[in-house]
Structure formats: structure tokens, C-alpha cells
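Please look over the sequence and the model before reading on. The report below goes from the overall fold to single helices, aromatic rings and the surface.

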Amino acid sequence: MRAVENADFEIVGAGYKVRRPEPRKQTLREKLKGKPVFSLLILAVIVLGCILAPVIANHDPSGFYLDSLNAAPNGEFYFGTDSLGRDIFSMIWYGGQVSIVIGLLSMVMITIIGVTYGCISGYAGARVDLVLMRAAEIGNSIPSILLVLMLVALMGKQNILTLSVIISVTGWFGLARIVRSEVRQIRMSDYVLAARCMGSDFGSLMLHHLIPNFVSAIMFVVISSISSSISMESTLSFLGLGLPVDVISWGSMLSLANKALLLNTWWVIIIPGLFLLVTLLCITNVGNYFRKEINRGPSRL
């Protein structure tokens, strides 16, 4: 029999109730499934430790304890000392501040340059778009380390700001191409055309109509740029072309690796390298989560 629904009739009876199945509540484990909780926790601990470096550090990171040169990890120097007698435990937290600040500064600059350039290229006409994209492709075809080395040689002595600028100037090409592709898809949408008819200029269109519609698509690249910038700073410092010796960073700590290998002081290499590697892996894992979530979205199917 087929049930007949009619608003003129009402089912009555002793103890009659309309039973509707209650939605099952998700457990905490189900809510957190697939999310990079472990990576976020480790990253939060490292960042918090760097912020609280003055409280955590038990020695002056720039101090030379000449009576404890190349000391192995012990009760006084938790992570040991380097060939100059500096406490590695204190240097880890203070050096992390510099490396993370460079990563964040470079990420902000890469995002600003890449998004602006990509929006201009995607919104402009075919000829302008062709010229801008060919220029970006040429820049992207040159190895980034080569461009960075050229700029470092031109600018001379580095500091946190100049090094962040160098890294960002050579790292925005991929982001610009993604932004350009997204803008080309949405530039003829009804809301963009309506905004243009109402007299909105390009800056207003970009901030209020273009960026909000592709911000999720670039989150993976934006987050990944933090880890790539930290890695580039470490590479330059390892080569002796990064920050000055008196500025402590994870990269400058690894620049003593050659001496550490000769003296068999493994803690000078392993401990800073482990902090750097774990931080980069955690940031990359968070970026991959955003990429997977974006690919699952209905607009990407």
C-alpha cells in the first residue's frame, strides 16, 4: 500500500508519536580523522618554544663557553656545545625565531607578488597575458638557487629583511601561474561583470571578487612557500652566503657541519637538522591536507 499524505487528515491514537531517526553524532576520533593534528601539535610546540626562547634557554646563545668546547649533551648543556663553545639548546630556540620569521616574511611577499601578478595577467587581454606569462615562465625555468645566488652577490651583506626579499623575488612564479588560471575562469562571471558595470576599478575587483573565489585553491602553495623559504635560507647559510655569523638561525648552525664531521661531534649536525626537518615536514603535511580538501570540493570535481 502506498501511503497517502494529506494535510486535511491527522493520524491520532493512544500514544502515537512521529518517530524520526536522530542523526548520529560523530565521535572526536571521526572528526579528527584525516586532519594533520599530530603535525599541528608538533609545529605548535616548536613555534611556542621559539616564542618563549628567553624563558626556555638556560644559557646565552651568543656566549662562548671556552671550557666546554664540543661538549656532548649533558646536564648543563642539554644538546651539547659546538666548536665555539656555544650552547646548542639555547641556539635552537633563538635560531628558530629567525628561520620562522624569514619563512613567514617570504610567504607574505610571495603571496602579494604572485597574486597581484597573476590577477593582472588573468584579467588583462590576450596580448598582455601572453607577455606576462612568458616572462613568468622564463623566470620559472631558471633554477631558483641560481637566481638567489646572483641576487645575494649583487646585494652583498644580508639581513633578515633583505634575505626574505631575495627568496620571495625568486619564488612567486608558480603561484602567479595558478592565480592566472583561476582568474581566467571567473573573470567573465556574472558578479564580476556586474561589479564592472557598477564602476568598480581593478583593485576593488581583485580584493572583493577575484581573490575570495580562488583563495582556497592557492592555500597549498602559500603554506608550502613557508617551508621552501626556510629551506632556502638554510641552504644559503650552509653555503656561507646567508645571514652573518653573529645572527643565529638553523641554517647558520648547520654551516658548522664540516667541522662537526671532522671532529665527530654528531650533535652539532643532528639536532639542528632534526628540528629543521621536522618543521619542514609538519608544514608540508598541513599544506597537503589543504590540497586534498580542495580537490574534494564540488568545484574541483
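## An all-helix chain

The chain holds 14 helices and zero strands, where helices (H or I, at least four residues) and strands (E, at least two) are DSSP runs numbered from the N terminus. Read along the sequence, the pattern is therefore α-α-α-α-α-α-α-α-α-α-α-α-α-α. This is a predicted model, in which local features need pLDDT of at least 70 and side-chain atom pairs count only at pLDDT 80 or more, while totals for chains, interfaces and linings use all residues. Residues are numbered from 1 along each chain as its sequence is written, and side-chain values use heavy atoms, with hydrogens and water left out.

Of the 301 residues of the chain, 40% count as buried; buried means under 20% relative accessible area, exposed means over 50%, and partly exposed lies in between (1.4 Å probe, protein chains only).

Helix H5 covers residues 126-141, and its 16 residues should span 22 Å at 1.5 Å a residue, which agrees with the 22 Å between its end C-alpha atoms; the expected span is 1.5 Å times one less than the number of residues. Within H5, the residues Asp129, Leu132, Met133, Ala136 and Gly139 are buried. They cover an arc of only 120° around the axis, so they lie on the same side of H5, the arc being that of the directions from the helix axis to the C-beta atoms. On the other side of H5, Ala126, Arg127, Val131, Ile138 and Ser141 are exposed.

## Aromatic rings

A search of the whole structure finds eleven aromatic pairs. Rings of Phe, Tyr and Trp (its six-membered ring) pair if their centres lie within 6.5 Å, and planes under 30 degrees apart count as stacked, over 60 as edge-to-face and the rest as tilted. Two of the pairs are set out here.

| Pair | Centre to centre | Between the planes | Geometry |
|---|---|---|---|
| Trp93 and Phe275 | 5.5 Å | 85° | edge-to-face |
| Tyr289 and Phe290 | 5.9 Å | 70° | edge-to-face |

Which residues make the nonpolar surface patch of about 580 Å²? The patch is made by Val101, Leu105, Val108, Ile112, Ile113, Leu161, Val165 and Val169. The elements that give two or more residues to the patch are helix H4 (88-123) and helix H7 (160-169), and H4 provides the largest share, five residues. Ile112 lies in helix H4, and Ile112 counts as exposed because its relative accessible area is 52%. Patches are made of residues with over 30% relative accessible area and no salt bridge, with like charges joined within 9 Å and nonpolar side chains (Val, Leu, Ile, Met, Phe, Trp, Tyr) within 5 Å. A salt bridge is a side-chain nitrogen of Lys or Arg within 4 Å of a carboxyl oxygen of Asp or Glu, and accessible areas come from the Shrake-Rupley method with a 1.4 Å probe, where for residues only the protein chains shown count as cover.
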